There are 4 protein chains.
Amino acid sequence: MIVERIVTTGLSHFSYFIGDAGMAAVIDPRRDVEVYLNLAEREDLCIKWILETHRHEDFILGSRELADRTGAEVWHADGQLPYKFGKIIKATSQWMVGDLIIKALITPGHTPGGASYLLLERDTTPWMVFTGDALFAGDVGRVDLLGMGRAEEMAGLLYQSLQKNLLTLGDGVIVCPAHGPESVCGATISDRNQTTIGFERKANPFLQHDTREAFMAAAVRRLHRPPYFIRSERWNLEGPPLLSERSPISPLTCDAFAGFLDNSRVLDVRSELSFASAHIPGSVYISEENLQVHSGWFLDLDEQILLVTDHLPAAEVELRLLRVGLDNTGGFLKDGMNGWLQNGKETDSIPVISAAAFRRLLDKGPDPLILDVREPSESPIAAKVGIHIPLSEILIRHGELPRDTDVFILCGSGHRAMTAASLLKRTGMHNLKVILGGYRALDAINATAKLS
Amino acid sequence: MIVERIVTTGLSHFSYFIGDAGMAAVIDPRRDVEVYLNLAEREDLCIKWILETHRHEDFILGSRELADRTGAEVWHADGQLPYKFGKIIKATSQWMVGDLIIKALITPGHTPGGASYLLLERDTTPWMVFTGDALFAGDVGRVDLLGMGRAEEMAGLLYQSLQKNLLTLGDGVIVCPAHGPESVCGATISDRNQTTIGFERKANPFLQHDTREAFMAAAVRRLHRPPYFIRSERWNLEGPPLLSERSPISPLTCDAFAGFLDNSRVLDVRSELSFASAHIPGSVYISEENLQVHSGWFLDLDEQILLVTDHLPAAEVELRLLRVGLDNTGGFLKDGMNGWLQNGKETDSIPVISAAAFRRLLDKGPDPLILDVREPSESPIAAKVGIHIPLSEILIRHGELPRDTDVFILCGSGHRAMTAASLLKRTGMHNLKVILGGYRALDAINATAKLS
Amino acid sequence: MIVERIVTTGLSHFSYFIGDAGMAAVIDPRRDVEVYLNLAEREDLCIKWILETHRHEDFILGSRELADRTGAEVWHADGQLPYKFGKIIKATSQWMVGDLIIKALITPGHTPGGASYLLLERDTTPWMVFTGDALFAGDVGRVDLLGMGRAEEMAGLLYQSLQKNLLTLGDGVIVCPAHGPESVCGATISDRNQTTIGFERKANPFLQHDTREAFMAAAVRRLHRPPYFIRSERWNLEGPPLLSERSPISPLTCDAFAGFLDNSRVLDVRSELSFASAHIPGSVYISEENLQVHSGWFLDLDEQILLVTDHLPAAEVELRLLRVGLDNTGGFLKDGMNGWLQNGKETDSIPVISAAAFRRLLDKGPDPLILDVREPSESPIAAKVGIHIPLSEILIRHGELPRDTDVFILCGSGHRAMTAASLLKRTGMHNLKVILGGYRALDAINATAKLS
Amino acid sequence: MIVERIVTTGLSHFSYFIGDAGMAAVIDPRRDVEVYLNLAEREDLCIKWILETHRHEDFILGSRELADRTGAEVWHADGQLPYKFGKIIKATSQWMVGDLIIKALITPGHTPGGASYLLLERDTTPWMVFTGDALFAGDVGRVDLLGMGRAEEMAGLLYQSLQKNLLTLGDGVIVCPAHGPESVCGATISDRNQTTIGFERKANPFLQHDTREAFMAAAVRRLHRPPYFIRSERWNLEGPPLLSERSPISPLTCDAFAGFLDNSRVLDVRSELSFASAHIPGSVYISEENLQVHSGWFLDLDEQILLVTDHLPAAEVELRLLRVGLDNTGGFLKDGMNGWLQNGKETDSIPVISAAAFRRLLDKGPDPLILDVREPSESPIAAKVGIHIPLSEILIRHGELPRDTDVFILCGSGHRAMTAASLLKRTGMHNLKVILGGYRALDAINATAKLS
């Protein structure tokens with residue numbers, strides 16, 4: 001018997017591999033499915049079932065890919081949606097995996113027809129429940145995906161699902177959700193990597209409300225909805241293109257790369273210090289840790305993407321883009337930025353300033369203009385000393401920024417500020433400086449008092 | 001925050017690494033501690049606490065080793081014992097690991113002063129409990145270690161510990177025991193790799209009894225007590241020799257190896273088929289999967305051990321011996337059995353018979369004499385068609401066997417039968433044949449009907 | 001600039017990768033061409049030329065495969081043969097690789113139209129010469145491939161090629177042949193891994209003869225001609241099937257494997273000790289070190305081959321078979337011999353005797369019957385104490401052996417004796433015993449005096 | 001028999017491992033000797049002899065370290081020097097390695113008592129010669145190490161050694177020198193990785209002179225003599241500290257690192273683009289490819305060195321420093337430059353300009369001031385358009401540079417220009433800009449015409 005959680009960092013996505021006596025099921029597989037195939041081979045199991053808790057919107061499901069590679073059956077929740085492949089679960093559906101039984105539990109709220117899956121041995125008490133985006137460690141699923149207009153309705157459904165279908169399973173049942181901390185599918189997900197119905201019942205803030213109304217008041221929240229969600233939703237419905245039919249990403253010479261520039265977007269994933277010194281004009285900078293989500297935010301789904309990398313292999317970068325449905329990579333700069341420079345090609349740069357030097361500016365006065373790109377949840381600086389535009393809104397709201405005075409961009413550590421600078425530069429702004437080390441650095445040298 | 005289980009296969013031992021905010025604790029570390037040091041380095045944590053649930057008897061604890069390498073404090077349970085290092089916990093002891101708190105729970109029964117450790121975040125409800133050998137998935141700790149004379153008393157203590165200290169924690173608390181299935185410290189431990197108080201309360205057979213008496217009747221069992229327990233108990237009290245001060249195991253030429261034979265025992269861990277064809281006379285055969293426990297059973301703690309290996313590296317074999325306190329390895333045969341043979345050295349062999357051929361013997365009659373070395377729990381064959389001596393008793397009871405007729409040795413798959421043959425051969429028996437494939441093979445060809 | 005030798009052990013085959021300034025050539029590639037593709041990628045070179053010194057007979061050339069993967073041009077020597085792909089070199093052919101020039105030198109003798117390739121930088125003196133099978137370290141090419149009837153003629157051609165085309169290049173030219181020691185294409189090839197025209201001129205025994213006649217007398221030798229040469233010759237002419245279009249070898253359950261037995265040959269590559277104890281009836285045993293050549297000798301090119309392996313992965317065994325044109329593998333026993341035995345399937349065994357025990361037989365008398373399967377060049381035992389049939393002739397001459405008395409099979413170390421036993425067993429012989437450790441073991445214990 | 005060349009890139013140093021029949025010799029080992037120990041283990045050989053061709057000056061010999069780890073005997077050439085360990089060779093010295101013989105050949109010229117070693121099989125013609133720094137592929141040893149005053153004398157000795165002792169060995173002898181291209185011990189060493197006496201006789205420019213005088217005129221050259229040569233010479237005489245007794249390099253927190261800054265030098269080996277954006281004030285930048293030699297040039301032997309790295313592990317950087325005798329590393333910045341910045345620590349930066357932008361400056365005029373730091377052999381730009389100070393002289397000649405106008409630093413590709421900038425900045429210059437992509441980039445966009 002094996003139950004294993006597969007973590008996809010960057011997306012903070014959890015899928016699960018369940019095996020017993022020669023058979024296996026996978027819950028909510030990711031698009032690159034080698035990890036499940038390898039587990040099946042290592043444990044000598046045949047994957048029979050692919051079970052989805054809901055359609056998902058923040059990543060491309062690997063259901064079609066895995067079914068194509070194994071012959072397994074795909075079972076969808078959200079049965080009201082027009083799926084183009086696979087079967088639809090019912091409230092009475094169940095699947096055998098050796099001596100284990102998996103039973104469907106319809107738990108709508110995050111989506112109209114989402115499901116959870118209860119795992120137990122034949123003739124025993126409930127053991128584990130795979131809750132998808134209905135219940136997380138310390139959080140519950142967002143209810144705003146159909147629009148805020150329907151959020152109350154969905155929150156009501158979710159309340160029902162939690163109270164009637166999940167909490168009633170018993171305190172001792174282990175809870176296995178689809179996401180961990182930092183996921184775009186939650187706001188307060190905890191980093192406790194194991195939890196139970198009982199623990200959540202006592203400690204999850206969303207389960208402490210006495211009334212349905214109080215729960216709904218807390219659960220109705222508007223969270224980010226990055227543009228790539230649209231494609232994920234469509235592809236998870238139709239089945240995405242198969243990765244097994246893709247060719248490896250092409251290395252491009254400087255000249256070939258330059259030839260593509262007119263109708264492509266350059267994604268640069270080197271360190272922000274290297275990017276600051278020299279990058280191909282018009283490039284978008286995204287740091288490695290934010291690669292998947294920010295690519296989904298800031299790159300156009302249909303535009304060709306060219307990669308500039310150094311230590312992270314281009315194939316790995318491409319894989320992360322594929323996980324969020326950015327399939328349109330056109331190649332990578334084979335000899336890297338050194339090759340580009342040694343060919344005498346044009347580059348651009350972004351001025352930077354260390355936190356220590358910025359503090360001297362603050363001390364000397366007059367106050368420099370700060371653009372804080374952190375999220376509201378990060379307590380950005382007060383409006384009186386600067387402008388606050390979260391990174392996710394920067395492409396819409398850049399018109400609020402002056403173009404005739406230096407704008408010092410601030411985020412937590414410097415990464416997102418550089419992304420913001422690269423995006424703003426594309427709008428024609430040249431009065432940008434990135435504060436290296438970000439708020440964390442200013443805090444370390446007690447320069448933040450002035451910003452609040 | 002990180003809570004990670006470290007599995008030592010072979011011993012089916014679980015230790016736990018708990019880290020938060022730069023600090024870490026390890027519960028019941030094994031003797032080779034690199035795994036904890038690596039985790040600490042990867043997560044950038046400093047190991048501060050080493051917590052033992054009890055003295056342990058089935059493996060050598062790494063508390064002293066890990067303390068020596070990190071400066072961490074060692075905390076022992078079983079405080080009535082005369083420990084030669086470390087500190088003794090109290091019922092009120094607790095330790096901080098970043099924002100996490102670990103609290104001692106005194107849970108005697110398996111040992112007179114054993115403890116569990118409760119883990120929770122500051123100001124929250126109980127999250128996980130590390131139960132040592134008090135409570136397993138599907139089993140409870142054995143109570144026969146002080147002798148059957150005190151088993152009732154210990155079972156009473158254990159009942160108390162379970163009912164008062166553990167079950168009262170709440171169903172939602174995750175249970176993290178010190179052992180998994182196949183451990184010599186349990187008899188019915190399940191292979192469910194995650195469990196909770198609630199699940200065990202409902203499903204653990206030892207927790208289904210209505211009365212204290214009924215529990216005790218079930219819990220008082222006599223289990224194996226391999227001879228190496230004595231050393232483990234002593235070294236876990238005094239602190240074992242440090243592995244960091246050992247030299248690597250020496251490769252020995254054929255002549256050097258031969259020179260040591262008189263005052264050494266040869267341990268041969270090649271495949272049983274290779275062993276059957278040719279081995280150094282007097283060698284003990286132990287299969288890789290049983291290496292740790294059977295070495296502790298059948299090798300003398302004080303005799304020098306010489307190794308004959310093929311694909312499993314000698315250093316790995318030595319490591320597994322060290323885990324059970326067999327520190328006295330004198331070297332390994334550098335050029336393997338091929339080298340030994342090409343030097344013209346003496347070898348011995350053990351006749352084998354396939355299950356298919358054995359079935360023909362059965363069919364033809366008269367009935368061959370079978371020695372079944374499986375455990376009572378494996379439903380060995382009826383006495384009327386053969387002799388049943390569990391492998392663990394073979395060295396004591398070999399006098400029961402005839403020496404003038406062929407004895408066909410049977411186990412589940414063939415491995416233990418070969419170990420038995422190698423041990424019996426040392427007593428002067430030559431009338432031995434091993435049934436390849438064991439009971440499993442006989443069953444596959446429907447030859448077992450005759451054996452019941 | 002890079003010149004790298006790629007060694008294929010087992011075949012003792014040398015191919016060469018030559019690169020400069022973005023371009024590369026490969027001389028005599030083997031069939032699995034990843035090694036060349038990886039070098040090209042590592043050095044950022046584009047493979048443009050594939051140059052063959054001759055058709056080759058002892059392995060499948062990778063020319064077609066490599067051309068298919070890279071677009072490189074294939075150039076054949078032996079232009080009188082009806083090649084189905086590629087171009088034919090002329091005496092004036094030359095190729096540029098960056099600043100390097102490669103010039104054809106027609107050097108027939110081993111084959112009617114074989115060539116060597118001279119490498120030099122533009123406008124400099126000759127640097128290296130790739131001599132194929134014309135000139136080796138310490139040996140020259142065999143001249144018996146067209147039959148002994150034409151061996152004199154070929155030896156004459158070879159003399160001419162050596163004297164006129166190779167020795168005249170100058171002593172300082174580095175010699176890069178197609179084979180090293182133990183190759184079936186030579187008899188006395190040295191293990192000096194670097195040599196020169198000058199060194200060979202002074203030290204190569206075949207170049208010490210004063211006259212053409214003396215050379216020819218030495219060069220006309222009959223060497224082994226394993227049956228697989230026929231396929232290699234044909235496929236090297238027509239182009240072999242592409243490996244890039246093969247599927248991975250299939251794992252087979254015991255039942256599926258058993259189902260194929262009737263029309264397949266089992267190749268068992270486990271240790272000879274394991275094979276002796278238990279193998280699938282009718283299996284051919286070949287040791288890992290002799291895998292490529294002996295498979296070519298003893299397996300039928302058109303019969304389906306099933307593999308039994310343990311530590312050497314089946315895919316690796318298959319690869320070595322593919323190198324000699326044995327493409328017809330049908331799968332491997334997924335759970336190994338342990339699985340086979342635990343399914344209760346039939347097995348066979350081969351009795352073995354250690355050299356030490358055999359010596360006791362010798363001492364006691366009467367003399368046991370020995371079958372020595374070593375080659376004539378290994379000084380097999382005298383006819384008066386036994387029978388000498390080289391392993392390569394065993395399938396033809398097995399009728400010379402008695403079937404009513406024990407035959408003790410002897411080789412150098414025991415491997416080939418077990419191969420002989422497995423082959424003889426298929427002819428119905430059951431009176432076979434393998435002497436473990438072989439002649440080397442008997443020699444080590446001074447038991448060989450009696451055998452001479 | 002095995003003869004293997006071990007290449008130490010960065011130093012372009014070749015050592016050799018010679019083994020036969022259980023024994024081995026190493027010629028000119030480097031300081032980190034695991035590579036020889038691993039070869040010995042892989043081939044099952046015992047290292048008996050360590051033979052030095054001369055004292056060496058450009059790296060720390062591993063003779064003492066290897067002797068300490070193996071018990072091998074060390075044999076020095078240059079016997080007039082006061083060696084503190086090992087034995088001194090004579091003209092008649094020879095050593096057996098299995099069936100191989102190694103004979104000393106006294107070949108002074110590069111050093112007063114340097115030697116070569118001739119390798120041959122017993123009773124055969126000469127096979128290979130290990131020439132140390134006497135004869136390279138395409139070059140001969142430098143003769144200026146005792147000062148230019150004695151260069152003529154040494155060149156005379158070298159002429160004698162080459163003509164009498166080496167060229168007379170015969171054209172067919174393979175030449176194995178101690179260095180390859182880019183070594184500081186030669187100026188024109190070719191990248192042909194295999195050569196012979198015959199090839200060098202015909203193609204080596206230093207062996208084409210008709211007379212002793214002509215040879216000497218060419219051979220008397222003044223080459224670089226980096227400051228670290230002094231330590232290498234001393235330690236190679238006395239035996240350097242043993243690496244086996246060193247502790248691993250320490251990770252340092254930002255505060256610990258900052259605390260050491262006053263009496264340490266920071267060596268930064270990140271990419272030059274990252275360095276340009278932000279580095280610890282006062283750091284010396286050295287690119288990975290120049291790490292060993294430039295560290296020996298620009299770091300003080302006795303000053304403590306602190307490392308800032310990113311993708312190259314600190315332990316690997318330290319190893320390269322140890323190879324040139326820079327043993328005094330005090331630790332590395334554990335959390336890298338990101339950690340430093342997020343702590344709000346001070347940083348400095350160096351302005352850069354792309355070649356494309358620099359070309360626009362050139363086109364627009366007036367001419368910017370260029371500092372060309374390439375070597376004379378690289379045809380630096382004419383004095384009329386700029387200043388030429390080779391990097392190796394930058395610390396002595398920085399006074400020649402203006403401090404009141406922008407100085408654009410140019411090298412081949414940008415790496416050395418950044419090193420020059422980091423060194424000049426330490427002299428108080430702030431008017432520095434590095435041309436990214438260097439001369440290669442300017443050439444690619446046809447901007448070099450203006451510079452000649």
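Mentor: Start with a term: a polar contact is a pair of N or O atoms within 3.5 Å, and within protein one of the two must be able to donate a hydrogen and the other to accept it. Keep in mind that this is a predicted model.

Trainee: Which elements of chain D give two or more residues to the side that touches chain A?
Mentor: In chain D they are α8 (272-277), α11 (336-342), β20 (352-354), α12 (355-364) and α15 (438-444). Of these, α8(D) gives the most, with five residues. By class, that side of chain D has 12 nonpolar, 13 polar and six charged residues.

Trainee: And how many salt bridges are there across the interface of chain D and chain A?
Mentor: The rule finds two. A:R360 forms a salt bridge with D:E346, and their closest N and O atoms are 2.5 Å apart.

Trainee: What area do chain D and chain A bury between them?
Mentor: About 2200 Å², with 53% of it on carbon and sulfur atoms. In residues, 31 of chain D are in contact with 31 of chain A.

Trainee: Why quote an area at all?
Mentor: The accessible area lost when the parts come together is often used to give the size of an interface.

Trainee: Switching to the other chains. What rotation superposes chain C on chain B?
Mentor: A rotation of 180°, with 0.1 Å of shift along its axis, and the RMSD is 0.1 Å. That is the relation of a two-fold axis.

Trainee: Which C-alpha of chain C is nearest the axis?
Mentor: That of C:S274, which lies 2.2 Å from the axis. The same surface serves both copies, and 100% of the contact residues of chain C recur in chain B.

Trainee: How many residues of chain C are in contact with chain B, and what area is buried?
Mentor: 31 residues of chain C are in contact with 31 residues of chain B. The buried area is about 2200 Å², and carbon and sulfur atoms give 52% of it.

Trainee: Now inside one chain. Which domains is chain A divided into?
Mentor: Domain 1 (2-229), domain 2 (246-342) and domain 3 (352-451). The C-alpha centres of domain 2 and domain 3 of chain A lie 25 Å apart.

Trainee: What area is buried between domain 2 and domain 3 of chain A?
Mentor: About 1300 Å², of which carbon and sulfur atoms give 67%. A:E272, A:Y285 and A:F298 supply 41% of the area that domain 2 of chain A buries against domain 3, more than any other three residues.

Trainee: How many salt bridges and polar contacts are there between those two domains?
Mentor: Between domain 2 and domain 3 of chain A there are zero salt bridges, but five residue pairs are in polar contact, both residues being at pLDDT 80 or more.

Trainee: Which element gives the most to the side of domain 2 of chain A that touches domain 3?
Mentor: α8(A), with four residues. That side divides into eight nonpolar, five polar and three charged residues.

Note on methods
Residues are numbered from 1 along each chain as its sequence is written. Chains are lettered from A and ligands numbered from 1 in the order in which they are written. This is a predicted model: local features need pLDDT of at least 70, side-chain atom pairs count only at pLDDT 80 or more; totals for chains, interfaces and linings use all residues. Side-chain values use heavy atoms; hydrogens and water are left out. Contact means heavy atoms within 4.5 Å. Buried area is the accessible area (1.4 Å probe) that two parts lose on being put together, summed over both. A salt bridge is a side-chain nitrogen of Lys or Arg within 4 Å of a carboxyl oxygen of Asp or Glu. Ala, Val, Leu, Ile, Met, Phe, Trp, Tyr, Cys and Pro count as nonpolar, Asp, Glu, Lys and Arg as charged, and the others, Gly among them, as polar. Domain bounds come from an automatic or database domain assignment. A polar contact is a pair of N or O atoms within 3.5 Å; within protein, one must be able to donate a hydrogen and the other to accept it, and residues adjacent in sequence count only if both atoms are side-chain atoms. Copies are superposed by least squares on the C-alpha atoms of residues with pLDDT of at least 70 in both.
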